[in-house]
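This report goes through selected helix contacts, backbone features and the chain interface of the model shown here.

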Amino acid sequence: MAEAVANILHVPKRNRVSNRRFMLVSVVLAAAVLIAIAICGAMLMPEAIKTDFTQKNLAPSPAHIFGTDWMGRDMLVRTIAGLSTSILVGLIAACVSSLIALILGTIAALGGRLADRIITWLIDLLMGVPHIVLLILISFALGKGFWGVTIGVALTHWASLSRVIRAEILQCRESGFVAVARRLGVSRIKIAVHHMLPYVLPQFIVGLILMFPHAILHEAAITFLGFGLSPEQPAIGIILSESMSYLSAGMWWLAVFPGLALIGIVMLFDIVGSGIRRMVDPSSAQE
Amino acid sequence: MGVSYSLEGYDLSRIIFWNIGRFLLLMVAVSVVVFTLVSVSPVDPVAANVGQAALVGMSDEKRAALDAYWGRNVPLPERYLSWGSALLQGDMGTSLRFNAPVADVIANRALNSLLLMSVAWLVSGVLGFALGVLAGTHRDTFLDRAVKSYCFVLAASPTFWVALLLLIVFSVWLGWFPIGFSQPIGKSAASVTLGDALYHLALPAITLSLVGVANVALHTREKTIDVMNSPYVRFARTRGLTERQIVLRHGLRNLALPAITIQFAQIAEIFGGSVLVEQVFSYPGLGQAAVVAGIGGDVALLAGIALVSAALVFGGNALANILYGVIDPRIRKGQTHG
């Protein structure tokens, strides 16, 4: 007994890896998985639409881990191809949306009172209609399909990030070092590039990455409703909406595994985004 | 208890007028945006509704008549003006898909949707609040971790997938709930009992509630941790109050406000979720009508539902602002100066 206590007292508290390194490793790993899925999915595209009617309606087995559908397509291959499409849509939409956020946030912060008012009102307008309804409208206006959903997601997700960027720039403008630079006669462009850009960049990148999960979930939802990607394209939304006709026949695997895979992707993006955010922000880096 | 705050300086009528003005401006803007969006669509309403096969074998006169019926030849601003002025008189147009006035279709379905959304709103609010307080007061215990991971997983799950999962488990496997529709198939609307309606409402409402919990719970948890570390709670502890008494007497009052605000702001999310859930359960509400209208190119109905959803979201936010002012004296004071 006494020996055990002594041992406990002498053991170093915990042999822990530093938070920063742990975070870095998990972020890199998560990013690697995402890139691997995107590339694999793109290469598996032709495989995903290959039908084999001798293999239809199979429950999950070692040969087909996710089972097969009513046309004998392997659900694992279809799912990975679908995820790859989702990542592509998410990538384009999130990049465009965060650029919109950057531009509008900057204009709101530096463009004077009127510009600020107009942009704030625009944000209120955007937040005033439920996302899904707005996505249906935009996708409908653009004739549905890949670009309908991508542009729809890109146009609806910039609001909160542009608020963050506006606040960051306002804070930066009031800070001491910008005031000093201004007094020293540094030009406005130079202040913007040398002082403001580095100040806003971390928030911008984190916002960009954290936009992915939303973009991907909304893409899947809008495709599921029939306003997104077309039925020939492999997409999680298509897979799930098609599965609805087969659920009452007991083919649960058509819905369960693709959905789980989608959740996995969304959480990976979340890990990468919040990991980078914590590393960027020194006050929470060791939490 | 027993302290009454005076309502002096809290000019309710001014706030209401201000909100009505904002509401009208918002509605005009939303109607312009919505109408432009639905009108520029290349989706051909005639083709979408009669089907490609019928279109091929159709005579030119028939085609022209259908084009006129769906208003394909009238220019956009003209259509907006006639639609907008009719709207001001309370006429939202005719839903060509349902062959009935839009206002009737919406009123019909709004009842189903509002029932679904208000149940989900209440249940997810109360449940999320309770989970958040429990997790916050039991920080870093198993309970806290369970609540936190539940919320994170749920925030990452597509609503319609959760709905599908519940459908598989409870309707297909266990057979406890019907597969869809808001009333039994083959029964006339008059003979549907309240029990039937609730029975068909249950699974969609449970889905929406489960998904809606995450946001409130996580926010309330953060707030609870703040409150439990505050000086007045420390003082209450030194006075010898039990944790339970502290939470009940000092915690809940301070935690309720942010939770209420978040829950009101959540209405847009719940509406979005209801669109997906209604689609999965074939529940005849506004969301499902919006999808039908969008697929079928029913411009008037789609625009009408978009307007109603915007009004609903605005109403929620305005109510939250007013409630906040009524409940919290500090904010009330700030509002008259700002």
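## Helix 9 against helix 10 in chain A

In this predicted model, Ala220(A), Ala221(A), Thr223(A) and Phe224(A) of helix 9 of chain A meet a set of residues in helix 10 of chain A, namely Ile236(A), Gly237(A), Ile238(A), Leu240(A) and Ser241(A). Sorted by class, this contact holds six nonpolar and three polar residues and no charged ones.

Helix 9 of chain A covers residues 188-224 and helix 10 of chain A covers residues 236-247. Their axes lie 7 Å apart, at an angle of about 40 degrees. Because an angle counts as roughly parallel when it is under 35 degrees, helix 9 and helix 10 of chain A are classed as oblique to each other. The crossing of helix 9 of chain A with helix 10 of chain A is right-handed.

## Helix 7 against helix 9 in chain A

Helix 9 of chain A also packs with helix 7 of chain A, residues 159-174, at an angle of about 160 degrees and with the axes 10 Å apart. The two helices are therefore roughly antiparallel, since the class applies to angles over 145 degrees. Helix 7 of chain A passes helix 9 of chain A in a right-handed crossing.

From helix 7 of chain A the contact takes in Leu161(A), Val164(A), Ile165(A), Glu168(A), Ile169(A) and Cys172(A). The partners in helix 9 of chain A are His195(A), Met196(A), Tyr199(A), Val200(A), Gln203(A), Phe204(A), Gly207(A) and Met211(A). By class the contact between helix 7 and helix 9 of chain A comes to 10 nonpolar residues, three polar and one charged.

## Cys172(A)

His195(A) is 23 residues away from Cys172(A) along the chain, and their C-alpha atoms are separated by 8.1 Å.

Is Cys172(A) buried or partly exposed? A residue needs 20 or more other C-beta atoms within 10 Å to count as buried; Cys172(A) has 19, so Cys172(A) is partly exposed.

## Positive phi angles

Most residues other than glycine have a negative phi. Lys144(A) has a positive phi of about 60 degrees, although Lys144(A) is not a glycine. Lys144(A) sits in the loop between helix 5 (131-141) and helix 6 (145-156) of chain A. With 24 C-beta neighbours inside 10 Å, Lys144(A) counts as buried.

In chain B, Ser282(B) is a residue other than glycine with a positive phi, near 45 degrees. Ser282(B) belongs to the loop between helix 12 and helix 13 of chain B. Ser282(B) has 15 C-beta neighbours inside 10 Å and so counts as partly exposed.

## Helix 13 of chain B

Helix 13 of chain B is mostly covered, with eight of its 11 residues buried. The buried residues in helix 13 of chain B are Leu286(B), Gly287(B), Gln288(B), Ala289(B), Ala290(B), Val291(B), Ala293(B) and Gly294(B). Just after helix 13 of chain B comes Gly297(B), with a positive phi of about 70 degrees.

## Contact between the chains

How many residues of chain B are in contact with chain A? There are 37 of them, and they meet 34 residues of chain A. On the chain B side, the elements giving two or more residues are helix 1 (12-40), helix 7 (142-156), helix 8 (159-173), helix 12 (267-280), helix 13 (286-296) and helix 14 (299-327). The residues on this side of chain B are 31 nonpolar and six polar, with no charged residue.

## Chain B overall and confidence

Chain B has 15 helices and two strands. Of its 338 residues, 38% count as buried. Among contacts in chain B with a separation of 6 or more, 76% are between residues 24 or more positions apart.

For the complex, the predictor gives an ipTM of 0.80 and a pTM of 0.82. Chain B has a mean pLDDT of 79, and 79% of its residues reach 70 or more. Over residues 1-8 of chain B, pLDDT stays under 50, and the model has one contact beyond four places in sequence for that stretch. Where pLDDT is low, the predicted coordinates should not be read in detail.

Notes
Residues are numbered from 1 along each chain as its sequence is written. Chains are lettered from A and ligands numbered from 1 in the order in which they are written. This is a predicted model: local features need pLDDT of at least 70, side-chain atom pairs count only at pLDDT 80 or more; totals for chains, interfaces and linings use all residues. Axes are lines fitted to C-alpha atoms, for helices over the stretch in contact, and angles run from 0 to 180 degrees between N-to-C directions. Helices (H or I, at least four residues) and strands (E, at least two) are DSSP runs, numbered from the N terminus. Angles under 35 degrees count as roughly parallel, over 145 as roughly antiparallel, 65 to 115 as roughly perpendicular and the rest as oblique. A crossing is left-handed if the near helix is turned anticlockwise from the far one by less than a right angle, and right-handed if clockwise. Two residues are in contact if their C-beta atoms, placed from the backbone, lie within 7 Å. Ala, Val, Leu, Ile, Met, Phe, Trp, Tyr, Cys and Pro count as nonpolar, Asp, Glu, Lys and Arg as charged, and the others, Gly among them, as polar. A residue is buried if 20 or more other C-beta atoms lie within 10 Å of its own, exposed if 12 or fewer, and partly exposed in between; C-beta atoms are placed from the backbone. pLDDT is the predictor's confidence in each residue, from 0 to 100.
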